Amino acid sequence: SLYTSSPAFPPAGALTAFGINYPNADPAAPYSLDNTPLTLAQDPVADDTVSLIIPYTISFSFTLASAQPTVWTNVFYISNSPDDASDRNAAVYIRNQGGVLSPHMVSRTNTHGNAGCDPSIALALGGTYQGYISVSTTTVTMKLGGATCSYASGHRPNKRNLNLYTSSPAHAPAGTLNTFSIQYNQATPTAGHLGCF
């Protein structure tokens, strides 16, 4: 109940203004990126704005291009920076080491903006892969194909109104993003390392 003023105290004077401003409601319905499949492009303009409210699971699938032109390419990147290693909220990179392709998946913690792990799977040019990044209050779990890795989530904060890029403004695109969605109020959690590039 709201009293003006308290029933137990005499009034102080006139109340000239009163209001309560609530923040935008956190998302509950699943999010899906429109216009997929889409050919990834290195673009400084974000494709959309999303929120990462724990627990959540980002699900995606992609097809690698027939060539990976650089050591690092990107599938998607979520942050409000153009690709700052101190603030990678969620991202999937492809590493090309002498023609051997492997994933590097990132989801920041409260203390490390480039925390991530690498599911142990060899990727093929032109191959199609499904995966997820799942975050609970205790654990980040990442899966690509049949390979999984995880690490402690580290008391990570909820993040709202983040830019979604397909792909990162700072990295060449990896191929085609076939599907992308975020499911809120669920996480599919099992060790990992901190990203270092």
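Hi everyone. Before we start, a word on the ground rules. The model is predicted, so local features need pLDDT of at least 70 and side-chain atom pairs count only at pLDDT 80 or more, while totals for chains, interfaces and linings use all residues. Residues are numbered from 1 along each chain as its sequence is written, and side-chain values use heavy atoms, with hydrogens and water left out.

Let's begin with the whole chain. How many helices and strands are there in the protein chain? There are zero helices and 15 strands. Both are DSSP runs numbered from the N terminus: helices are H or I with at least four residues, and strands are E with at least two. Of the 197 residues, 46% are buried. Buried means under 20% relative accessible area, exposed means over 50%, and partly exposed is in between, using a 1.4 Å probe and protein chains only. The accessible surface comes to about 9,900 Å², and 53% of that belongs to carbon and sulfur atoms. These areas come from the Shrake-Rupley method with a 1.4 Å probe, and for residues only the protein chains shown count as cover.

Now please find strand β5, residues 72–79. Why is β5 described as largely enclosed by the rest of the structure? Because eight of its eight residues are buried.

Who are the neighbors of β5? We say two strands pair if DSSP finds at least two bridges between them. β5 pairs with strand β6 (residues 90–97) in the antiparallel sense, over six bridges. Along that pairing, Tyr77 stands opposite Ala91, and Thr73 stands opposite Ile94. β5 also pairs with strand β12 (residues 159–165), again antiparallel, over three bridges; there, Ile78 faces Leu164. With strand β13 (residues 172–173), β5 runs parallel, joined by two bridges, and Thr73 stands opposite Ala172.

Let's zoom in on one residue of β5, Asn74. Is Asn74 buried or exposed? Asn74 counts as buried, because its relative accessibility is 0%. If we leave out residues up to four places away in sequence, Asn74 touches several others, including Leu40, Tyr93, His171 and Pro173. Touching here is contact, meaning heavy atoms within 4.5 Å.

Seven bridges join β6 to β7, and the two run antiparallel. β6 and β7 form a hairpin with two residues between them, and Gly98 in the turn has a positive phi of about 60°.

On to the charged side chains. A salt bridge is a side-chain nitrogen of Lys or Arg within 4 Å of a carboxyl oxygen of Asp or Glu. By this rule the count is three.

Asp87 forms a salt bridge with Arg108, with the closest N and O atoms 2.8 Å apart. That pair links distant parts of the chain, 21 residues apart: Asp87 is in the loop between β5 and β6, and Arg108 is in the loop between β7 (100–106) and β8 (115–117). Asp87 is buried at 17% relative accessibility, and Arg108 is buried at 13%.

Asp87 also meets Lys159 in a salt bridge, at 3.5 Å from N to O. Lys159 lies in strand β12, so this pair ties together parts that are 72 residues apart in sequence.

The side chains of Arg95 and Asp118 also meet in a salt bridge, again at 3.5 Å, N to O. Arg95 lies in β6 and Asp118 in the loop between β8 and β9 (128–135), so this pair ties together parts 23 residues apart. Arg95 is buried at 16%, whereas Asp118 is partly exposed at 24%. Finally, salt bridges that share partners join Asp87, Arg108 and Lys159 into one network.
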